[in-house]
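I opened this entry to note what I looked up in the structure.

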Amino acid sequence: MAHHKSAKKRIRQDERKRLHNRYYKKSTRTAIRKLRDLEDRTEAEKQLPRLFSMIDRLAKRNLWHANKAANLKSGLALHVNQMS
C-alpha cells in the first residue's frame with residue numbers, strides 16, 4: 001500500500017479516471033452494438049458521424065489504439081453502405 005501522500009492522491013485520481021474512462025468506453029461499445037442492430041439505412045447514416053466522433057475521442061485519449069479506431073470506423077462504414 002502507498003505510504004506517501006502524493007502516492008495516495010495518485011491512487012484516488014487513477015480510480016476516478018478509470019471509472020470515467022470505463023463509462024465512455026462502455027457507452028461507445030453500446031452505441032456500436034445498436035448501430036449494427038439497426039435495419040434502417042437512413043437512421044444508421046444519421047448515427048454514424050456521432051459514433052465516429054465517439055471512437056475518435058477514445059483514440060485521441062489513448063483509451064483505444066488508433067488502428068483499432070480506424071478498423072472500427074471502416075467496418076461500420078462498410079456495414080452501413082451494404083445496408084439495403
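Before reading any angle, I noted that axes are lines fitted to C-alpha atoms, for helices over the stretch in contact, and that angles between N-to-C directions run from 0 to 180 degrees. The model is a predicted one.

Entry, helix pair. I looked up how helix 2 (residues 41–60) and helix 3 (residues 66–81) pack: the angle is about 180°, and their axes are 10 Å apart. Angles over 145 degrees count as roughly antiparallel. Helix 2 and helix 3 are therefore roughly antiparallel to each other.

I then listed the residues that make the contact. Helix 2 contributes Arg41, Ala44, Glu45, Leu48, Leu51, Phe52, Ile55, Asp56 and Ala59. From helix 3 come Ala66, Ala69, Leu72, Lys73, Leu76, Ala77, Val80 and Asn81. Sorted by class, I have 12 nonpolar residues, one polar and four charged in this contact.

Entry, elements. I found three helices and zero strands in the chain. Read from the N terminus, the order is α-α-α.

Entry, overall form. I looked up the radius of gyration, which is 17 Å for the chain, whereas a compact globule of 84 residues would have one near 12 Å. Along the principal axes, the C-alpha atoms fill a box of roughly 60 × 20 × 15 Å.

Among contacts with a separation of 6 or more, 59% are between residues 24 or more positions apart.

Technical notes
Residues numbered from 1 in each chain as written. Predicted model: local features only at pLDDT ≥ 70, side-chain atom pairs only at ≥ 80, totals over all residues. Heavy atoms only, no water. Helix = DSSP H or I, 4+ residues; strand = E, 2+ residues; numbered from the N terminus. Parallel < 35°, antiparallel > 145°, perpendicular 65-115°, else oblique. Contact = heavy atoms within 4.5 Å. Nonpolar A, V, L, I, M, F, W, Y, C, P; charged D, E, K, R; others polar. Rg over C-alpha atoms; globule rule 2.2 N^0.38 Å.
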